[in-house]
Amino acid sequence: MKKTLSIIALSIIGFGLVSCKKENKETQGADAVATDSTATTTTSADSASVAPVSAETTAPVSNQPLTTIALSESNFDFGQIKKGDKVEHVYEVTNTGTNPLVISEVKPGCGCTAPDFTKEPIMPGKKGKITLHFDSTNFDGAVNKYADVFANVEKAPIKLTFTANIQP
């Protein structure tokens, strides 16, 4: 069982490293398969081994009381951009709960995407920002990218996505 999980984990890491290279629809499909196999593996593992993993993943906010969040949007389309352009988009987050919202980490799915985010706690009713910076240098055609937002909300991580059509 452990050997199988190790092989799957290494495969997923391999897919992650490849995802920053030139993409086409076939590699995007492979990424989706990797995500699905992770979900299947997690559910098939016994609950005792799953609990510590999720506790470690959310450790920076595990002692924070949960709150709720509203996003201005979870997906953005840059449209057509020229190869080599560096673009960014700001996702606005609103704390709709009763406890301070703490964003502990924003993990992009690729090295071509860099995040900035509100580091201080966002009080109830207040807004914060998550900015994703994308470098299109190594891409051609349609791309789909994402970043996972880890915060003290029930369904973390929250996935932010963007698309672009890279022109020569």
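Me: In which strand is the place of phenylalanine 117?

Reply: This is a predicted model, where local features need pLDDT of at least 70, side-chain atom pairs count only at pLDDT 80 or more, and totals for chains, interfaces and linings use all residues. Residues are numbered from 1 along each chain as its sequence is written, and side-chain values use heavy atoms, leaving out hydrogens and water. Strands (E, at least two residues) and helices (H or I, at least four) are DSSP runs, numbered from the N terminus. Phenylalanine 117 has its place in strand E5.

Me: Is phenylalanine 117 buried or exposed?

Reply: Relative accessible area decides this: under 20% is buried, over 50% exposed, and in between partly exposed (1.4 Å probe, protein chains only). Phenylalanine 117 has a relative accessible area of 17%, so the residue is buried.

Me: Which lysine lies over the face of phenylalanine 117?

Reply: A charge sits over a ring if NZ of Lys or CZ of Arg is within 6 Å of the ring centre and within 35 degrees of the ring normal. At 4.0 Å from the ring centre of phenylalanine 117, the residue over the face is lysine 119.

Me: Which backbone nitrogen lies 2.8 Å from a polar atom of the side chain of threonine 118?

Reply: Threonine 118 sits in the loop between strand E5 (113-117) and strand E6 (127-135). Not counting residues up to four places away in sequence, threonine 118 touches Ile103, Gly128 and Lys129, where contact means heavy atoms within 4.5 Å. The nitrogen at 2.8 Å is that of lysine 129.

Me: What is the arrangement of the rings of phenylalanine 76 and phenylalanine 78?

Reply: The structure holds four aromatic pairs. Rings of Phe, Tyr and Trp (its six-membered ring) pair if their centres lie within 6.5 Å; planes under 30 degrees apart are stacked, over 60 edge-to-face and the rest tilted. For phenylalanine 76 and phenylalanine 78 the centres are 5.0 Å apart and the planes at 80°, so the pair is edge-to-face.

Methods: Polar contact = N/O pair within 3.5 Å; in protein donor to acceptor, adjacent residues only side chain to side chain.
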